[in-house]
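Let's take a walk through this structure together. Have the sequence and the 3D view ready.

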Amino acid sequence: MNTHRLMNWKKFFSLITAVFCTFFSRAAETPPTNSAAGAIEMDSVIVDNENRLPSIRNHSVSLGSSPQNVMFYFRVNTNYGFVPLRIHYQLQGYDGDWRKDPGEMNLTVRFFNDAGDQVNEKKFTVSGQSAGWNGSLKTSPLTHRRESVVVPAQASRLMIVVSSAGPPATAGIYVVGNLVVTRSMSNAPAEMLMQFPTEHQLYDGETNLVPQGWVRDGTARSMAKIVRLEQESDSEALAIIDDSLISHAEWHNTLAVAPKVVPGEHLIIEWNEMFSIGVGDPRVGIYKNLPRGNFHFHVEALDVMGMPTGIGTSIDVVVPPPFWRTFWFWNIVLVTFVAMIMIIGRYIIVRRMRQGLLLLELRLEKQRLLEQERLRIAHDIHDDLGARVTQISLVSAMARSLPIDPDQAQVDFDKISEMSRDLVTALYETVWSVNPENDNLNELGNYLFQMVNKFCERAQCRCRFYVDLLPREMPVPSQIRHNICMAVKEAVNNAIKHADASEITVRITYAKFMLTILIQDDGCGFDTEDVVTGNGLPNLKQRLKDINGVCTIESQPGHGTKIQIRLEVGPVRLNIE
């Protein structure tokens, strides 16, 4: 009775302890209370030779965009007292299946001579898992295998070896049943040399089965076992259940009962097999050129039969897209593009508005200049041509009212003729100044040459004229041409009438859009600081000032006079900013 109550109290305290452990484990978000839950741990992640270990502590890692070489290192934590026999891993979202090192076991045919020395061998390896393997010896299907070998020279006996002596860390199971070795003969039926199991197989006890003529061998012989296969009517089969990462085991027949063979003859080896083989020491998973996306790297421990144990570790893996493929980047590009379009559009609109305003100003200025030119022509016709016509009319009337005197009539006719020529000359000057065909620098030079030549010829004064090559395509508006002509005319008239010059020199040059006209005489000269009003010099300077030109006068008594006219003449430019 006391024993029964004690057991009930133990169950009660066990229940209470389990409840508290569950509560605190959930509160602290700790892993399940499995002593082997942390047997596998992530060690580091190397991305293109760069260690990303710090981020693993948060159970996630970013590999950066376009990783070329990624290595996931994991390790076995021996402090948990559990050492996984086999390990496989998978990058979920990228791998279609688990990755694992296949390991290797083998069935080997060894040949010996009469002295018992091995002369050759033929090895048939197996790795991974056989077709249909489900982790059970009772329900997993067997695969039939048939191989042929030629007996080498000097060989006299045959040994069959079933072994796990592959890589040292190989772990798993290899089952060989219904093993038959026959000699192939061309002129006779095949002769059976060896068979396992036989009909009357003898064992050395019930718990440690050893078939007659066979021995266990290797560094861990206990891993060599005999299993019963329901698939083959409960017949026995040779098995290697390798659950050690440092040892191996094997089955082989003894040389005492080994069948005899003859060099050169053909042997057929047939057997049924099933297997699940792996490696217990993989420590790194390697991936090349991972695409962008979200993945989950998972490492899991397997038992000796290759079945999952539920023990493992995992981390989330992120391969972000390059920055030029991100949403925020294209948002910035879009905003920048829209801003540039708006800025360019605003610039174009402002530029067109300024162009329009400038063109309007130019049209208004042209209209203003045209009005001024029309007003000037009207004034010239009224003041100059009108006065000349009136003078001719008065002289003609006076000549008619006076008594007829041939000498006086000749004088009057000469005066009327001279005034008529002056009227024609003035009219020609007016027509020339308004004709648009003369709005160029070459025509201006030609006209100045004709005008100065006429004045000097009429005054019987020598004239020297030096003119550079003046471009016809350089425009000169009528207002500028008129003021230049009037200024030159004024300077030549002053030299003829006031300076009593015997020779006048005119030089016209044009360089770098600057027109320079120099009028020089050898007359009496004058003192420029004591200029008598009424000689036209102030009017000459004012004309040049009106067209943005400059007029300089150099003269000394007895040394003649130099008048220089400078004016910028160039193509029209539209400065729009």
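Here we look at a helix pair and then at some salt bridges.

A word on the ground rules: this is a predicted model, where local features need pLDDT of at least 70, side-chain atom pairs count only at pLDDT 80 or more, and totals for chains, interfaces and linings use all residues. Residues are numbered from 1 along each chain as its sequence is written, and side-chain values use heavy atoms, leaving out hydrogens and water.

Start with helix α6 (residues 478-497) and helix α7 (residues 537-546), which pack at an angle of about 160 degrees with their axes 9 Å apart. The two are therefore roughly antiparallel (the term for angles over 145 degrees). On the α6 side, the contact (heavy atoms within 4.5 Å) is made by H482, N483, M486, A487, E490, A491 and N494. From α7 come L537, L540, R543 and L544.

Now for the salt bridges, meaning a side-chain nitrogen of Lys or Arg within 4 Å of a carboxyl oxygen of Asp or Glu. The whole structure has 14 of them. One joins E443 to R472, with the closest N and O atoms 3.2 Å apart. E443 sits in helix α5 (residues 441-458) and R472 in the loop between β20 (462-467) and α6, so this pair ties together parts 29 residues apart in sequence.

Another links R462 and E503 at 3.1 Å, N to O. R462 belongs to strand β20 and E503 to strand β21 (residues 503-511), so parts 41 residues apart in sequence are tied together. Elsewhere, salt bridges that share partners join E41, D43 and R75 into one network.

How values were computed. Axes are lines fitted to C-alpha atoms, for helices over the stretch in contact, and angles run from 0 to 180 degrees between N-to-C directions. Helices (H or I, at least four residues) and strands (E, at least two) are DSSP runs, numbered from the N terminus. Angles under 35 degrees count as roughly parallel, over 145 as roughly antiparallel, 65 to 115 as roughly perpendicular and the rest as oblique.
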